[in-house]
Amino acid sequence: MTRVSRRRLLGTGALTAAGAVVSAAAAPSAAARTAPRTADVVIVGAGLSGLTAARDLVAAGRSVVVLEARDRPGGRVYGMPLGDGTTNEGGAEFIGPTQDRIAALAEDMGVGTYATYNEGKNVYYRDGKRSLYATDGPLGAVPPDWGVVDLELALLKLGGMVEEVPVGEPWKAAKAAEWDAQTFYTWSRSNSLSSGARFLMDAFASSTLSMRSQEVSLLYLLNYAASAGNEANPGTIDRLINTRGGAQESRFVGGSQEVPIRLAARLGDIVHYNAPVRSVVTDAGGATVTADGITVSARRVVVAMSPAIAGKIDFSPALPASRAQLMQRYPMGSVAKFVAVYDTPFWRADGLTGQAVADSGAIDATFDNSPPDGSRGILMGFMNQASIRRLDGAPAADVRAAGLDSFTKLFGDKAANPRLTAFQRWDNEVWSGGGPVGVAPPGTLTAFGPALREPCGPIHWAGTETSGYWTGYMDGAVRSGERVAKEIDAAL
Ligand SMILES: Cc1cc2nc3c(=O)[nH]c(=O)nc-3n(C[C@H](O)[C@H](O)[C@H](O)COP(=O)(O)OP(=O)(O)OC[C@H]3O[C@@H](n4cnc5c(N)ncnc54)[C@H](O)[C@@H]3O)c2cc1C
């Protein structure tokens with residue numbers, strides 16, 4: 001059995017910690033392909049889940065090969081080039097309280113955090129009217145629409161239901177069958193009367209899952225909120241949606257992509273890029289994994305990605321029907337991030353946080369994505385579900401015009417003339433298929449949920465979608481990598 005020494009892993013880590021500049025471009029590719037073609041474990045995917053699993057398995061003395069389809073690590077964590085030599089978060093961005101495992105990983109990688117800009121008022125745009133609201137009141141980030149009392153009553157009820165969901169095993173909830181038989185849309189219409197409350201519940205689904213509430217199982221959404229915590233703090237809806245005290249509280253210095261880039265560099269030449277895995281053939285001894293240009297035989301395989309994207313791999317013999325059909329039933333959300341760069345964060349001088357919620361236009365939620373020193377202003381807007389679907393196939397100039405039109409409506413004429421714009425759409429990404437997360441429609445979790453994590457012979461499943469806590473987030477990805485490494489180490 002080949003064993004990679006712990007010393008080698010820690011040695012490369014010391015270089016990184018000392019501040020060496022690490023970039024995906026410097027990652028090995030051709031040379032790395034001369035590496036041994038057998039290993040204890042082959043990991044498919046160099047997102048946070050796959051890289052974390054690799055880190056822990058190597059530390060346990062196992063030999064590991066990581067095969068990544070793209071030419072970079074990080075998957076849904078990506079520094080989007082702005083065209084002037086700098087980047088801004090094009091995928092995952094924020095970290096918040098109870099996201100302990102991504103926090104620990106970032107600290108280990110020497111990547112610091114800073115508070116998301118949150119001074120001043122938020123913008124609410126609904127029915128053609130723009131209003132401002134403070135977020136330090138009892139409602140937090142919820143806009144004070146006239147339907148807000150109705151909304152609060154519905155959220156109170158929803159919060160009680162969240163408490164009844166066993167984290168990571170929602171199919172075991174006493175009312176799982178009832179909740180998985182309806183969409184969040186159906187529930188929100190039966191439990192509210194005002195158009196304001198209904199709009200804001202749709203906005204909740206859209207901004208957290210990039211899906212229309214009609215597409216999401218109620219049970220899935222309840223589990224998503226139940227997962228927004230840790231072993232000591234039960235998950236809550238507030239922690240999902242809030243900036244202060246919630247999932248959007250902080251950002252990473254240098255951008256979130258620093259975390260996977262440094263971790264991949266620490267792992268060194270066991271990570272192979274431009275190596276999309278096409279097939280996994282299992283037998284009594286383990287599996288043979290074939291990627292473009294490289295084939296690896298291993299005793300165990302980790303598939304570290306969303307169920308929908310795992311479904312593109314050819315498994316032989318065929319996977320059990322429960323797993324195969326799960327992968328047909330876990331679609332990715334539709335999302336893009338659009339950013340505009342200005343000389344200054346002008347909205348701050350206008351007393352605004354840069355955060356907005358809108359019911360129309362291409363952008364339905366925004367944040368201030370400026371660098372920590374505010375040396376220039378960067379507005380970021382989410383183009384979610386129907387908005388980005390409307391722009392399917394649109395030329396970049398049309399996406400840009402639609403994005404700037406939204407920013408101008410929300411933040412005034414100064415937003416109309418940025419120095420630069422950029423956008424990253426995820427629904428066009430072959431190796432992600434959308435984002436931020438795979439979402440279960442009704443009927444999926446109760447029929448196929450256990451197959452999310454259940455190994456199939458030598459094949460183990462990681463990826464944020466498999467996590468109990470913080471499923472859908474970077475933290476969930478790291479937790480899933482840690483879980484799968486323990487699972488395999490115990491099995492080998
Ligand atoms: C727009 C957007 C905003 C987000 N915002 C946040 C946020 O603010 N905070 C937060 O915590 N999370 C956020 N997320 C979610 C976060 O990015 C994910 O939860 C996390 O990165 C998932 O990591 P993963 O390892 O599970 O999967 P992935 O990152 O998807 O990694 C899977 C990897 O597998 C590779 N791969 C796929 N198929 C193959 C194949 N056949 N062969 C080889 N390799 C393959 C992919 O290229 C990829 O690198 C956001 C995501 C998006 C898209």
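The talk below goes through the labels one by one.

Modeller: This is a predicted model, in which local features need pLDDT of at least 70 and side-chain atom pairs count only at pLDDT 80 or more, while totals for chains, interfaces and linings use all residues. Residues are numbered from 1 along each chain as its sequence is written, and side-chain values use heavy atoms, with hydrogens and water left out.

Biologist: Which residues does UniProt list for "binding site"?

Modeller: The unreviewed UniProt entry lists Ser 49, Glu 68, Ala 69, Val 277 and Glu 465. UniProt positions are given in the numbering used here, feature names are shortened, and annotations may be inferred rather than shown by experiment. From this set, Glu 465 belongs to the lining of the largest cavity.

Biologist: Why is Ser 49 called buried?

Modeller: Buried means under 20% relative accessible area, exposed over 50%, and partly exposed in between (1.4 Å probe, protein chains only). Ser 49 has 4% relative accessibility, so Ser 49 counts as buried. Ser 49 is part of helix H2, residues 48–59; helices (H or I, at least four residues) and strands (E, at least two) are DSSP runs, numbered from the N terminus.

Biologist: What does Ser 49 touch?

Modeller: Contact means heavy atoms within 4.5 Å. Not counting residues up to four places away in sequence, Ser 49 touches residues including Ala 304, Met 305, Ala 462 and Gly 463.

Biologist: Where do Ala 304 and Ala 462 stand in the strands?

Modeller: Ala 304 is opposite Ala 462 in S20. Strand S13 (residues 294–304) and S20 run parallel and are joined by four bridges; two strands pair if DSSP finds at least two bridges between them, so these two count as paired. In strand S20 (residues 459–462), Ile 459 and Trp 461 point one way, His 460 and Ala 462 the other way, and all are buried.

Biologist: Is Ala 69 buried or exposed?

Modeller: Ala 69 is at 18% relative accessibility and therefore counts as buried. Ala 69 sits in the loop between strand S2 (64–67) and strand S3 (79–81). Leaving aside neighbours within four places in sequence, the contacts of Ala 69 are Asn 274, Ala 275, Pro 276 and Trp 431.

Biologist: What makes Asn 274 partly exposed?

Modeller: Asn 274 has a relative accessible area of 40%, so Asn 274 is partly exposed. Phi of Asn 274 is near 50 degrees, a positive value in a residue other than glycine. Most residues other than glycine have a negative phi, and most peptide bonds are trans. Asp 127 also has a positive phi, of about 55 degrees, although Asp 127 is not a glycine. At 60% relative accessibility, Asp 127 counts as exposed.

Conventions. On a 1 Å grid over the protein atoms alone, a cavity is a set of points where a 1.4 Å probe fits but cannot get out, and a pocket is an open set with protein on both sides within 12 Å along at least five of seven lines; lining residues have an atom within 4 Å of a point.
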